[in-house]
Amino acid sequence: MRFSVPGPRSLAGQLFAMQAVLIAVVVAGYALFTYVSDRSQAEAAARRQARAVARSVADSPSVLQAARTSDPTAELQPYALKVMRDTEVDFITIMDPRGIRWTHPDPDRIGQPFQGHTEKALRGQTFTETYTGTLGPSVRAVTPIQDGKEIVGLVSAGIRVEEITQRVQDQLTALLGVAAGALVLGAVGTYVINARLRRHTHGMNAAQLSRMHDYHQAALHAVREGLLMLDGQYRVALINDGGRELLGVAGDVVGRSVAELGLPAPLTGALLASEPRVDEVHLTASRVLVINTSPVSGGERRGTVVTLRDVTELQSLMGELDSERGFTQALRSQAHEAANRLHTVVSLIELGRAEEAVEFATAELELAQALTDQVVAAVSEPVLAALLLGKTAQANERGVELMVSEDSSLDDGLLPESLPSRDLVTILGNLVDNAVDAAQGSVRARVTVAAYTQDTEGPEALDDAPELVLRVSDTGPGVDPEHAEAVFQRGFSTKPAGPGGRGLGLALVRQAVQRHEGTLAVSEADGGGAQFEVRLPLRESGAVAEGVTSRTSVSRGAGGYA
């Protein structure tokens, strides 16, 4: 025969049992205290009642007058019985100073000695005592009948202890009824409260809740992705280490509103949105984040769960991949054009026009070499030179002429390690792509790129290090002054949305510029179109002075950025 060992009760069940026992103990203790207190109070009330009745009888002139007669019983017995009925005492005994009864509830006891103490009364004092007499145990008062200073008799009035007990029992019955009602009411209230608690704790006991809390804390710190939980008023209820790092917040932020965290406006708006957000890309000062939000509801809005993923490196790699894909397409196009030219040369030779074939081939080689020489001569930094050559071929395919300005001069090895090539590709590649998009379809479609270094001038010069200037202008429609600030925000674009979305390129440019404490400006180019200019300080690694503030800005009318 197998016996199953019951498992530990749920937390709600344990609390219910504890509360039920506590209520029962409190009610029982209160009932016992009340019983003892009521009995003591009943005895005290009986003493006061007996004392008052005895004094009233002793002070009655008719009693004093009857005590002087030869037969006091004749007048005092009816009087004592009447007062006894009116005052609800069990006996009134009037006696002479020797203790011989003149009155008694039992007429057969008249003339017999009083059973009790009379010494204090004979000395003129009134006192009370509990004594067992002819009627059983009673609480009685004994007082003298005085004629001046002479004691002519004694009066004793008393209430039986049995009667006092009966009074207390009547009160106890009512008390037990109230106590039972309180116990039932407390049990029902406790059950309702614990039923609600059981729903909230899902029937788990204290050990399970403690273990879940430990797992919860371990999971929060182990997960590298950011986790943010907001309450119904969009205040931070919980944030893990990854969330603090990705959002760039420090200190105790629990309890603060999302609007007070100093996040970019689009990101703040996404966190405050009531509808769920799925895989939305947002930019902070130094990161590209993908956020997902899911409202927590249980009949009413209780909060929001937000997950954050850092795709900064992934976005950079995708940018490089796009550049490599562009290079591949450019090479494919050039190979296609080279095949066409080779067929032309072969055809001319087959037609017997060798001189014209040589002249045609030489001209094509000179044109290609001239383009390469122009770019390399102006920008010998290998990453930027390769980027410009690839972008030139891509622009030519789209009918846009990409030119490197004559004032461009950027020697190889000039850029410090603190300015990685990946950021240069992000900045210049996105600026050129946007310029080609804007210039395509315009008259004499052209994009002009300038890249050079110069010494820092003006009040913003923080040290003697030079700065890198990248300027990209186009012949497109230009930037509306009203949109000069918005063009750098993630999601803004004046072009139709493509498969991958729009409005991210210039936002990434601004982020990279901010990361290197540079400046970003947009203005109108000579002859129309837009001109974007980036200035990046060329400091060596670790050379940035402590306390230097960010100088990222946009010239008027681009405005500043929050």
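The legends below describe close-up views of a predicted model.

**View 1. An open sheet of four antiparallel strands.** The four strands lie in the order β1-β4-β3-β2, and their pairing is antiparallel. The edges of this sheet are formed by β1 (residues 91-95) and β2 (residues 127-133), each of which pairs on one side only. Neighbouring strands are turned against each other by 30° on average, with direction ignored.

**View 2. The pairing of β2 with β3.** Strand β3 covers residues 136-147 and pairs with β2 in the antiparallel sense over seven bridges. Within this part of the model, F127 stands opposite V142, a residue of β3.

**View 3. The largest nonpolar core.** This core holds 36 residues, of which I427 and L468 touch the most other members. Among the elements that give two or more residues to the core are α11, β10, α13 and β14, while α12 gives the most, with eight residues. Leaving aside residues up to four places away in sequence, I427 touches L470, V509, A512, V513, V534 and L536. Another core, of 23 residues, lies apart from this one and includes A54, M84, W102 and I159.

**View 4. Confidence along the chain.** The mean pLDDT of the chain is 75, and 73% of its residues reach 70 or more. Among the elements, β1 has the highest mean pLDDT (89), whereas helix α10, residues 354-378, has the lowest (65). The pLDDT is below 50 over residues 496-502, a stretch with six contacts in the model beyond near neighbours in sequence. Over residues 541-562 the pLDDT also stays under 50, and the model has 47 contacts for them beyond four places in sequence. Where pLDDT is low, predicted coordinates should not be read in detail.

Notes
Residues numbered from 1 in each chain as written. Predicted model: local features only at pLDDT ≥ 70, side-chain atom pairs only at ≥ 80, totals over all residues. Heavy atoms only, no water. Pairing = 2+ DSSP bridges. Axes fitted to C-alpha atoms, helices over the stretch in contact; angles between N-to-C directions. pLDDT = per-residue confidence, 0-100. Contact = heavy atoms within 4.5 Å. Core = buried A, V, L, I, M, F, W, Y, C linked by side-chain atoms within 4.5 Å. Buried < 20%, exposed > 50% of the residue type's maximum accessible area, 1.4 Å probe, protein only.
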